[in-house]
Amino acid sequence: MDKITVSTLKKYKQQGRKFAALTAYDASFAGIFAAEQVPVLLIGDSLGMVLQGGRDTLQVTTKQIAYHTRCVVAGAPNALVIADMPFMSYASPEQACNNAAELMRAGAQMVKLEGGDWLLNTVTMLTERSVPVCAHLGLTPQSVHVFGGYKVQGRGEQGQQLLEQARKLEQAGAAMLVLECVPQTLAKTISEALTIPVIGIGAGKDTDGQILVMHDILGISSGYIPKFAKNYLEPTGTIAAAVRAFVEEVGHGDFPSDEHSFD
């Protein structure tokens with residue numbers, strides 16, 4: 001796989017070429033994903049649940065994300081590697097810069113932050129200081145206790161608010177956006193309104209890219225399985241074949257289907 005950059009993904013969007021993304025946490029899996037042409041890998045704070053067994057993502061630290069980032073970069077040096085900024089690691093722009101620097105030194109090419117209007121100054125400051133930012137709207141897992149659980153966001157008037165926040169985040173300098181658990185019609189509207197790539201998870205098939213947690217596509221997640229997840233290992237038989245099927249279905253626009261999306 002050739003080196004993937006933010007410019008690569010912008011070109012994909014302009015060409016209408018849909019791309020796949022996966023979470024990754026170690027060199028071995030990252031190497032498999034890269035070999036199957038997954039261009040974007042996210043070291044998600046989801047590791048607090050799928051690796052550490054936590055009930056949510058809130059206990060994850062910046063040092064833990066940095067450790068796993070080094071592992072993933074070692075296994076997939078040509079992928080675009082995004083590192084999640086954990087809960088309360090970007091409460092102020094200055095704190096965000098310090099913690100983002102640690103993740104970038106670990107090998108990340110971009111950091112991901114959850115939130116809307118309150119993050120605009122932080123996004124601008126990071127971008128001005130050469131830290132590419134992926135924004136995250138919709139269901140933001142770090143706000144699970146505010147939402148009262150993992151619930152669909154962006155229905156009714158809230159949809160217009162999310163669209164406005166997405167536009168402001170792009171204007172502030174965000175180079176990418178993740179939309180999680182929003183109605184597919186809203187995700188389509190936002191994707192078409194922005195010039196930056198939009199990656200969906202539980203956001204329908206009209207976003208520029210799709211991301212899933214690696215444990216979900218391999219059918220090894222325990223407990224709650226989200227509606228937008230799909231087990232690719234069961235019908236294919238090997239990890240490589242499962243990843244290949246995911247990449248192909250995203251590329252052809254076959255995933256997600258309506259059964260993996262929200263109205």
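These are my notebook entries on a predicted model of one protein chain.

**Ground rules**

I number residues from 1 along each chain as its sequence is written, and side-chain values use heavy atoms, with hydrogens and water left out. Since this is a predicted model, local features need pLDDT of at least 70 and side-chain atom pairs count only at pLDDT 80 or more, while totals for chains, interfaces and linings use all residues.

**Entry 1: the whole chain**

I looked up the secondary structure first. The chain has 12 helices and eight strands. Both are DSSP runs numbered from the N terminus: helices are H or I with at least four residues, strands are E with at least two. The radius of gyration is 17 Å, close to the 18 Å from the globule rule for 263 residues, so the chain is as compact as a globular protein of that length. That radius is taken over C-alpha atoms, and the rule is 2.2 Å times the number of residues to the power 0.38. I find that the C-alpha trace spans about 45 × 40 × 40 Å along its principal axes.

Next I checked burial. Of the 263 residues, 55% count as buried. Buried means under 20% relative accessible area, exposed means over 50%, and partly exposed is in between (1.4 Å probe, protein chains only). I then took the contacts between residues at least 6 apart in sequence; 63% of them join residues at least 24 apart. A contact here means heavy atoms within 4.5 Å.

**Entry 2: the barrel**

In what order do the strands close into a barrel? I read it as S1-S2-S3-S4-S5-S6-S7-S8, with parallel pairing. The twist averages 25° from one strand to the next. Two strands pair if DSSP finds at least two bridges between them.

I followed S6, residues 176–180, in detail. Five of its five residues are buried. Met 176, Val 178 and Glu 180 point one way, and Leu 177 and Leu 179 point the other way. In a regular strand the side chains alternate between the two faces of the sheet.

S5 (residues 133–138) runs parallel to S6 and is joined to it by five bridges. Gly 138 stands opposite Glu 180. On to S7: S6 pairs with S7 in the parallel sense over four bridges. Leu 177 has Val 198 in S7 as its bridge partner. S7 (198–201) and S8 (209–212) pair over two bridges, also in the parallel sense. There, Gly 200 has Gln 210 as its bridge partner.

Helix H4 (residues 62–75) lies across S2 (40–43) and S3 (80–84), at about 170° to S3. Axes are lines fitted to C-alpha atoms, for helices over the stretch in contact, and angles run from 0 to 180 degrees between N-to-C directions.

**Entry 3: Gln 210**

Is Gln 210 buried or exposed? It counts as buried, at 4% relative accessibility. Its side chain makes a polar contact of 3.0 Å with that of Thr 207. A polar contact is a pair of N or O atoms within 3.5 Å; within protein, one must be able to donate a hydrogen and the other to accept it, and residues adjacent in sequence count only if both atoms are side-chain atoms. Leaving aside neighbours within four places in sequence, I list contacts of Gln 210 including Phe 19, Ile 199, Lys 205, Phe 246 and Phe 255.

**Entry 4: Asp 26**

Asp 26 sits in the loop between S1 (19–23) and H2. Asp 26 counts as partly exposed, at 28% relative accessibility. What does its side chain reach? I find the backbone nitrogen of Phe 29 at 2.8 Å. The backbone nitrogen of Ser 28 lies 3.2 Å from a polar atom of the Asp 26 side chain. Beyond neighbours within four places in sequence, Asp 26 is in contact with Cys 71 and Val 72. The C-alpha atoms of Asp 26 and Cys 71 are 4.9 Å apart, though the residues are 45 apart along the chain.

**Entry 5: aromatic pairs**

My search of the whole structure gave six aromatic pairs. Phe 29 and Phe 33 form a tilted one, 6.0 Å centre to centre with 40° between the planes. Rings of Phe, Tyr and Trp (its six-membered ring) pair if their centres lie within 6.5 Å; planes under 30 degrees apart count as stacked, over 60 as edge-to-face, and the rest as tilted. Because Phe 29 and Phe 33 are four residues apart in H2 (residues 27–35), about one helical turn separates them. Phe 29 is partly exposed at 22%, whereas Phe 33 is buried at 0%.

Tyr 232 and Phe 246 form an edge-to-face pair, 5.6 Å centre to centre with 65° between the planes. Both are buried. Ring pairs link Tyr 232, Phe 246 and Phe 255 into a cluster.
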